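Here is a short exchange on helix packing and aromatic pairs. The model comes first.

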Amino acid sequence: MEYELVMGLETHVELNTQTKIFCRCPVRFGQPPNTDCCPVCIGMPGTLPVLNREAVHFAALAGLALHCEVHLKSQMSRKHYFYPDLAKAYQITQQQVPICGPGWLELSNGKVIRIQRIHMEEDAGKLIHNGSDVLVDYNRAGVPLIEIVTHPDFRSAREAADYLEQLQGIMRYLGISDGKMQEGSLRCDVNISVRPKGQRTLGERTEIKNMNSLSYLVKAVEYEFRRQVELLERGEEVCRETRRYDQKTGTTQLMRKKEAETDYLYFEEPDIPPVALSPQELEAWNRELPELPMQKRKRYQQEGLSPQEASSLIKYPKVADYFEEACRWVQKPSLAAKWMLTHLFAAFQNEEEKESGAFPLSPRQFGEFLQGIEAGSIRRNYAKEVLAHLIATGDPLEQSLAKIQKEDMGEKELETLCQTCLQLYPEAAADYLRGKKQAIKALLGAAMKRSKGRANPQQAQQMLEKLIHQKEKA
């Protein structure tokens, strides 16, 4: 029997606010344990939460970017569970009335994933397993989160990875999260079930918690799909449970039986009044929306970039900003894309350096270099060397050209060189006369090699064509 994967995602996004969602503790990554926390974070009796308005603003921006209905009134709730990462034994979240209702996100293949809701909540602390001991770091407790919940619209692990990559880009372009999965700023819980192909009823689902890597997400989903199929084919049942992905074994492992909604004993948070927004606020926030990655990708492709070039350039906002600034000096954006991706990206050691946008040249320096290529003042056979010199020294373009680019051959010297190439490769000249126009490229390559870069390629090709036709007439 052939089975189908059915999957939905619950994605947690840490918001880039300066302080936590219910107190004034700073939001920072990598601080010493339990240094960014206070009585509110660690749930001391008698403390009262105060909602961070900037977290509300960021949550609404996410909803607007994902085509969601943003509710003018929403309500915080208490979700009860006893676990040491939340010392007060409940989490403040949104259950009955979230800040955002239905919306959607389009994948790169055009498929639309329906978003069920977006709600705000506080993050939990971090458990650190040290042998038989479990330590708790409350620095992360109270960091503002939004949880983006989809319908079970995914049919493959690759679709889920594409969705997360699109979502990551949107959060970065909005400026509301850095989206760093390796630091836990963006992580997701994956709800998976399988069913016979053609069946409409959903199978029993399991949940894989806290996936924070696209590659591990794909591996975990593919393993869990196989595991559930094997259970069904043996006549066994899939149990509703929460699992984790073990990177060392490449398998999912049981954590606990899955709780039901009633187990959390939700009720309205009594210490926080309803969250109220005005239509004027939403209109103002809607005007804040930048051009988002999918829109930018489509525009870049319309401007002549390949899908792969466009996808690479839009991944990080600072890279896209640099590209667009450099394009002010050129006629063809595809020229800037090619040189950026092939040569400037080579200066980066990792994705973090790309994300920072710390290019070795300013956009103007790079743009003027590209302008020189388009205008012909920088010959293609010297362009790589000129760019390397610019990066290494920071010299002005004119000074780099003077040091690197040799003077063009004179007409007489160029004519002698081309006559020599025609004598050495008469078959190529004959092919050109028979209509094989590409044959001139072999002759041009020979001329450039023998000139050691001093020949101007355009002038050399013109001279070769002129001499071939003169010989034909003679």
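Predicted model: local features only at pLDDT ≥ 70, side-chain atom pairs only at ≥ 80, totals over all residues.

Residues are numbered from 1 along each chain as its sequence is written, and side-chain values use heavy atoms, with hydrogens and water left out.

Reader: Which word describes the packing of H8 on H11?
Author: H8 covers residues 333-344 and H11 residues 380-393. Their axes (lines fitted to C-alpha atoms over the stretch in contact) lie 12 Å apart, at about 60°. Angles under 35 degrees count as roughly parallel, over 145 as roughly antiparallel, 65 to 115 as roughly perpendicular and the rest as oblique. So H8 is to H11 oblique.

Reader: Is the pair of Phe154 and Tyr163 stacked or edge-to-face?
Author: Rings of Phe, Tyr and Trp (its six-membered ring) pair if their centres lie within 6.5 Å; planes under 30 degrees apart count as stacked, over 60 as edge-to-face and the rest as tilted. Here the centres are 5.2 Å apart and the planes stand at 75°, so the pair is edge-to-face.

Reader: How many residues apart in sequence are the parts that Tyr322 and Phe359 tie together?
Author: The rings of Tyr322 and Phe359 are stacked, 4.0 Å centre to centre with 20° between the planes. Both residues are buried (under 20% relative accessible area, 1.4 Å probe, protein chains only). Tyr322 lies in helix H7 and Phe359 in the loop between H9 and H10, so the parts tied together are apart by 37 residues.

Technical notes. Axes fitted to C-alpha atoms, helices over the stretch in contact; angles between N-to-C directions. Helix = DSSP H or I, 4+ residues; strand = E, 2+ residues; numbered from the N terminus. Buried < 20%, exposed > 50% of the residue type's maximum accessible area, 1.4 Å probe, protein only.
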